[in-house]
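Subject: Structure handover

Dear colleague,

I am passing on a structure that you have not worked with before, and I would be grateful if you could look through it with the notes that follow.

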Amino acid sequence: MSAEVAGMGRAKAEGPLRLAVPRGALLGETLDALDAAGIDTSEVRGESRSLIFPGQSITLVTMRPSDVPTYVEAGAADVGITGKDVLLEQADRVVYELLDLGFGRCRMVLAGRVGDERLGESERRLGMMRIATKYPRIAERYFEGTGRQVEVIEVKGSVELAPLIGLADGIVDLVATGRTLEENDLEVREEILECTARFVANRVAHKLRAREVDGLAAKLRQGLAR
Amino acid sequence: MIHPIPPGTRDVLPDEMRELRRLHLALIGVFEERGYGEVATPAIEYDEVLARGDGRTADTAYRFFDGSGDLLALRSDMTVPIARLIATRYAKAEMPVRLCYLANAYRAVRPQRGQMREFAQAGVELIGAPAPEGTAEIVEVLEAALDAAGLERAVIGLGDADLYRQLLAEFGVEGGARDSILGRLAAHDLVGLETELSELQGVSDDQVATCVALSQLRGGKEVLEEARALGGAAVERATARLGETLEALEARGVSNRVQIDLGLLRDLGYYSGAILEVYDPALGHVLGGGGRYDGLLKRFGIDQPAAGFALYMERVHVAQMEEESADGGGT
């Protein structure tokens with residue numbers, strides 16, 4: 001294992017292609033997509049606590065979805081899979097977005113408390129809304145783009161808490177089913193954008209390992225079409 | 001006591017400096033050997049003069065007034081200052097003129113990204129030698145420079161700066177929409193590219209497919225044929241031009257490292273014709289780049305074709321170290 005780690009941080013043209021796999025909500029569908037593309041994922045699905053799963057032609061490296069752009073930009077991973085929300089939040093990371101994988105579909109929304117007029121009231125009377133979010137850059141860009149002034153408050157944990165106890169007037173967050181919002185007495189006020197999982201590549205790997213990267217993209221596309 | 005320096009700048013201590021100096025000497029040696037004389041220009045210029053070279057002044061990050069109220073700026077590369085130098089000092093010289101440099105340039109950085117505000121570039125400028133021979137000559141010099149740096153596995157990507165501007169004109173895409181699409185192409189955001197092109201009035205599905213496919217074509221000579229099969233005048237012109245450059249490179253015996261790349265798009269405003277980028281498998285970042293800028297000198301009052309390249313010295317040094325450790329133990 002130590003040899004794997006020693007080589008990290010730099011792209012290398014030999015050896016298997018390194019694919020960054022997102023842990024968490026996207027993991028299941030990512031592994032299904034990889035299976036459909038003919039890549040063995042049984043090791044990752046097993047009980048192992050390892051982070052790196054070496055294979056013949058592809059080594060799977062598991063990590064937080066929000067770390068995928070970091071590893072891929074640096075070339076420590078040649079290619080990766082992560083959500084569009086992550087890519088938008090880290091828009092300054094240079095990675096090539098090659099394919100919309102279609103799964104992991106969810107919406108970035110502005111939400112407020114059910115029946116509560118705080119959002120509108122703050123905007124009208126104070127000229128400014130307070131918005132809690134884990135996606136400060138997406139939120140800022142959205143309100144800037146719609147010509148409204150907000151104070152964006154970045155939180156790390158359950159963002160639903162913020163409007164309930166008065167930290168913020170509303171939240172910008174990702175919703176898949178909407179159940180979490182409902183359970184916390186929150187409702188969608190505006191849709192900001194729709195996000196799905198994307199296949200991304202390091203800029204240099206895309207050039208120097210063109211055949212492998214294109215091959216993998218093609219197999220993923222075929223797998224999805226099935 | 002710790003006294004800070006601005007983020008994106010750094011001190012160089014003797015161990016590193018010794019290695020950097022060796023690299024500097026090796027590269028300048030290669031350039032001089034091929035008739036490129038070394039020049040230096042001031043790091044500070046009049047903002048107005050730099051802006052003449054590159055209208056999009058986004059790269060010029062540091063501007064200030066001097067005591068007499070003149071607006072000065074730190075250069076963001078060496079190509080524009082050398083264009084200024086050629087127009088001022090070499091206007092009547094016999095062409096071509098061959099110059100090289102090793103100099104610091106300055107750009108804005110985004111916080112916490114490890115980007116350098118001040119960085120060293122080594123490069124050459126060949127003025128008065130048109131394509132394809134002029135292009136082939138700088139690729140030859142670049143090859144020799146990469147050899148001298150010990151980067152045997154480095155690859156030179158060769159593309160065409162005018163391809164997409166002309167292709168989009170052919171599709172009837174102009175103005176803001178065109179710039180936005182060019183931005184998607186430069187970022188290689190294929191998903192966004194496809195969505196945005198499809199949404200434009202009057203662009204057919206075939207045209208969208210052509211544009212996406214074209215941006216993914218990279219490899220050997222066969223790529224030119226694959227591109228031609230996609231059709232259109234812009235593609236025809238770009239592939240013909242790339243074909244000529246490749247022939248000139250083959251005649252010089254320096255085409256081995258070259259990868260044709262129809263997806264290449266450099267974002268510096270002054271490029272036209274051939275564009276270059278340098279990669280090494282040891283590093284996830286681009287080592288350098290360059291190409292032709294046949295229109296740049298004209299902005300300074302002399303109409304001469306020009307081409308050149310620049311290597312980022314710090315990155316070349318990192319790649320060099322990685323290559324050495326790969327040679328030693330290997331993974």
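How many residues of domain 1 of chain A are in contact with residues of domain 2 of chain A? Please keep in mind while reading that this is a predicted model. Six residues of domain 1 of chain A are in contact with six of domain 2 of chain A, and on the domain 1 side these residues comprise two nonpolar, one polar and three charged. As for the division itself, domain 1 of chain A covers 2–105 + 196–225, while domain 2 covers 106–193, and the centres of the two domains, taken over C-alpha atoms, are separated by 31 Å.

Next comes the interface between the chains. Here 23 residues of chain A are in contact with 23 residues of chain B. On the chain A side, at least two residues each are supplied by α1 (2–6), β5 (96–100), α10 (203–208) and α11 (210–225), and β5(A) gives the most, with five residues. Sorted by class, the side of chain A that touches chain B has 11 nonpolar, three polar and nine charged residues.

Between β3(B) and strand β4 (residues 71–74) of chain B, the antiparallel pairing runs over three bridges, and F65(B) has L71(B) in β4(B) as its bridge partner.

The helices are α4 (residues 133–148) and α10 (residues 233–252) of chain B, which pack at an angle of about 50° with their axes 9 Å apart. Because of that angle, α4(B) counts as oblique to α10(B), and the crossing in which α4(B) passes α10(B) is right-handed. From α4(B), the contact is made by E133(B), T135(B), A136(B), V139(B) and E140(B), and from α10(B) by T245(B), A248(B), L249(B) and R252(B). Taken by class, the residues of this contact of α4(B) with α10(B) divide into four nonpolar, two polar and three charged.

With kind regards

Definitions and conventions: Residues are numbered from 1 along each chain as its sequence is written. Chains are lettered from A and ligands numbered from 1 in the order in which they are written. This is a predicted model: local features need pLDDT of at least 70, side-chain atom pairs count only at pLDDT 80 or more; totals for chains, interfaces and linings use all residues. Domain bounds come from an automatic or database domain assignment. Two residues are in contact if their C-beta atoms, placed from the backbone, lie within 7 Å. Ala, Val, Leu, Ile, Met, Phe, Trp, Tyr, Cys and Pro count as nonpolar, Asp, Glu, Lys and Arg as charged, and the others, Gly among them, as polar. Helices (H or I, at least four residues) and strands (E, at least two) are DSSP runs, numbered from the N terminus. Two strands pair if DSSP finds at least two bridges between them. Axes are lines fitted to C-alpha atoms, for helices over the stretch in contact, and angles run from 0 to 180 degrees between N-to-C directions. Angles under 35 degrees count as roughly parallel, over 145 as roughly antiparallel, 65 to 115 as roughly perpendicular and the rest as oblique. A crossing is left-handed if the near helix is turned anticlockwise from the far one by less than a right angle, and right-handed if clockwise.
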